[in-house]
Amino acid sequence: MWPRRRQPASDEALVRSLYEEHGRALLAYATRLTGDRAAAEDVVQETLIRAWKNAGALSRAEGSVRGWLFTVTRNLVTDRYRAKAARPTEVAESPASVPVERDHSQRVVDSMVALEALGTLSDEHRSVLVELYFQGRTVTETAEVLGIPSGTVKSRSHYALRTLRDWLDTSPVALKGAGG
C-alpha cells in the first residue's frame, strides 16, 4: 500500500489521504461513541497519528485499513472512558463547595493557648471551668460534682473567667496565637 521507508513528504501524503478517505466516517463514529464533538476530533487526530506511526503495519495488515482505523478509534475512546472513570470528578472550589478538609492549625494553637491559660488558674477555679465548659455541666451539676454550693460555682467561674481574660489581654503567647 505505502512504501516501507517513509519520508516526510510521503508521511504527510499518508495522513492526508487517510483523512480524506476515512476522516468523516471516523469523526461520525467517534462522535457517536463519545457524545462530544471536540473529544471526537481529538480521538480522530490521535487515530491518524497512530496510523502515521504504524504505516508499515498498515501496509502489511490483513484486512482493511478502514477496519484498523475504526478499531484504533474504538480503543482510544475506551481508554479515555476508563481513564476518566478511574479519576474522581474534579470540582472547582467555590463558596458553595468548601474544601474537604479545612486547615486545623488555628484550632491547635487556640487549644495550646487555652491550656496554658488554664494552667495559670488556681485548682479551685480551674476545676469549676473544666466542669462547666469542658464537661458541659450546669451550675447545679457542677456544684454537686465538686461538693460546693451553687453560689460558689458562680463566683469561682466569674473570677476565673476574669483572670483568663486579663491573662489573654497581656500574655505574649496569647497575642501570638491570636495572630498579633
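These legends walk you through several close-up views of the structure.

This is a predicted model, in which local features need pLDDT of at least 70 and side-chain atom pairs count only at pLDDT 80 or more, while totals for chains, interfaces and linings use all residues. Residues are numbered from 1 along each chain as its sequence is written, and side-chain values use heavy atoms, with hydrogens and water left out.

**View 1**
Helices (H or I, at least four residues) and strands (E, at least two) are DSSP runs, numbered from the N terminus. Of the 180 residues, 24% are buried; buried means under 20% relative accessible area, exposed over 50%, and partly exposed in between (1.4 Å probe, protein chains only). Among contacts with a separation of 6 or more, 58% join residues 24 or more positions apart, where contact means heavy atoms within 4.5 Å. The accessible surface comes to about 12,900 Å², and carbon and sulfur atoms hold 53% of it. Such areas come from the Shrake-Rupley method with a 1.4 Å probe; for residues, only the protein chains shown count as cover.

**View 2. Alanine 51 sits in helix α2 (residues 37-53).**
Is this residue, alanine 51, buried or exposed? Alanine 51 is buried, with a relative accessible area of 0%. Leaving out residues up to four places away in sequence, alanine 51 touches Leu14, Leu18, Leu58, Trp68 and Leu69. From alanine 51 to tryptophan 68 is 8.8 Å, C-alpha to C-alpha, with the two 17 residues apart in sequence.

**View 3. Histidine 22 belongs to helix α1.**
Here too the residue is buried: histidine 22 has a relative accessible area of 6%. Beyond its neighbours within four places in sequence, histidine 22 is in contact with Val65, Arg66 and Leu69.

**View 4. One aromatic pair is found in the structure.**
Tyrosine 29 and phenylalanine 70 form this tilted pair, with 5.0 Å centre to centre and 50° between the planes. Tyrosine 29 lies in helix α1 and phenylalanine 70 in helix α4, so the pair ties together parts that are 41 residues apart in sequence. For the terms, rings of Phe, Tyr and Trp (its six-membered ring) pair if their centres lie within 6.5 Å; planes under 30 degrees apart count as stacked, over 60 as edge-to-face and the rest as tilted. Tyrosine 29 is buried, with a relative accessible area of 16%.

**View 5. The largest pocket has a volume of about 200 Å³.**
On a 1 Å grid over the protein atoms alone, a cavity is a set of points where a 1.4 Å probe fits but cannot get out, and a pocket is an open set with protein on both sides within 12 Å along at least five of seven lines; lining residues have an atom within 4 Å of a point. Grid points are joined across faces, edges and corners, and a volume is the space filled by probe spheres set on the points. Which residues line the largest pocket? They are Leu33, Thr34, Ala39, Val77, Arg80, Tyr81 and Lys84. Helix α4 gives the largest share of this lining, four residues, and both α1 (8-34) and α4 (65-86) supply at least two. By class, the lining has four nonpolar, one polar and two charged residues; Ala, Val, Leu, Ile, Met, Phe, Trp, Tyr, Cys and Pro count as nonpolar, Asp, Glu, Lys and Arg as charged, and the others, Gly among them, as polar.

**View 6. The second largest pocket has a volume of about 160 Å³.**
Its lining includes Val113, Leu129, Tyr133, Phe134 and Leu168. Two or more lining residues come from each of α5 (105-119), α6 (123-134) and α8 (150-170). By class, this lining has 11 nonpolar, no polar and no charged residues.
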